[in-house]
Amino acid sequence: INGVKDINDLSNTELWYNDIIFIPLDYTERFFNNLPKIQLKHKVIDPTLYVTESNELYIFGGRDASNAKNYIQYIDLNVVFQSTSADVLTTMDRFEPMRLNRVSPLIDTRILKAGDIYDSCLVIFGGQDFVNNQWIDIEIPPNGLQL
């Protein structure tokens, strides 16, 4: 997912690869790869990827050339796998952005109870901030739990 050809290109997001690439693990299927091109709505590197049981791919945080970002991007992998190589799909914003800008946050799911309702929830924790091309020290203890 995303990346750069040359480390010197980190400061220019126009030179970044802005794609998600799927590589079939079954070697015989690699010759018949008919998957679509997938573009990221927000160009970031160093995000955290999370795939749900229902094949939803979430992309949390990351950074652009200068700063950590709070985006939560989403794409339905069922749509991806039903598309062809002639299609071009783009991730979309999902939920509100994260409260904190973070590079590589930790993601987990938990079942939370509110009255008689049980609901699955994504928990976003930690990650590191990146401001003006500088890594910011991690808070200890961490102060970044988001639901």
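The structure described here is a predicted model. Within the chain, Ser83 occupies the loop that connects helix H1 (77–82) with strand E6 (88–90). The side chain of Ser83 comes within reach of the backbone oxygen of Val79, at 2.7 Å. When neighbours within four places in sequence are set aside, the contacts of Ser83 are with Asn34, Pro36 and Leu89.

The chain as a whole contains 1 helix and 11 strands. Read from the N terminus, the order of these elements is β-β-β-β-β-α-β-β-β-β-β-β. The chain has 147 residues, of which 36% count as buried. Where contacts link residues at least 6 apart in sequence, 53% of them join residues at least 24 apart.

Four of the strands are arranged in an open sheet, in the order E3-E4-E5-E7 and with antiparallel pairing. Strand E3 (48–51) and strand E7 form the edges of this sheet, each of them pairing on one side only. Strand E4 (residues 56–60) and strand E5 (residues 72–76) run antiparallel and are joined by 5 bridges. In this pairing, Tyr58 is placed opposite Tyr74 of E5.

Glu56 also belongs to strand E4. With a relative accessible area of 18%, Glu56 is buried, because the class takes in values under 20%. A polar contact of 3.4 Å links the side chain of Glu56 to the side chain of Ser54. Apart from neighbours within four places in sequence, Glu56 is in contact with Tyr50, Val51, Tyr74, Ile75 and Arg94. Tyr74, one of these contacts, is the residue that stands opposite Tyr58.

A further antiparallel pairing involves E8 and strand E9 (residues 117–125), which are connected over 9 bridges. Here Ile107 is positioned opposite Ile124 in E9. E8 and E9 form a hairpin with 2 residues between the strands, and in this hairpin Gly115 adopts a positive phi near 70°.

Most residues other than glycine have a negative phi. Ser104, although not a glycine, has a positive phi of about 50°. The position of Ser104 is in the loop between strand E7 (92–93) and strand E8 (106–114). The relative accessibility of Ser104 is 38%, so the residue counts as partly exposed. Asn132 likewise has a positive phi, near 50°, and is a residue other than glycine. The loop that holds Asn132 lies between strand E10 (130–131) and strand E11 (134–135). Asn132 has a relative accessible area of 56% and is therefore exposed, since this class requires a value over 50%.

Definitions and conventions: Residues are numbered from 1 along each chain as its sequence is written. This is a predicted model: local features need pLDDT of at least 70, side-chain atom pairs count only at pLDDT 80 or more; totals for chains, interfaces and linings use all residues. Side-chain values use heavy atoms; hydrogens and water are left out. Buried means under 20% relative accessible area, exposed over 50%, partly exposed in between (1.4 Å probe, protein chains only). Two strands pair if DSSP finds at least two bridges between them. A polar contact is a pair of N or O atoms within 3.5 Å; within protein, one must be able to donate a hydrogen and the other to accept it, and residues adjacent in sequence count only if both atoms are side-chain atoms. Contact means heavy atoms within 4.5 Å.
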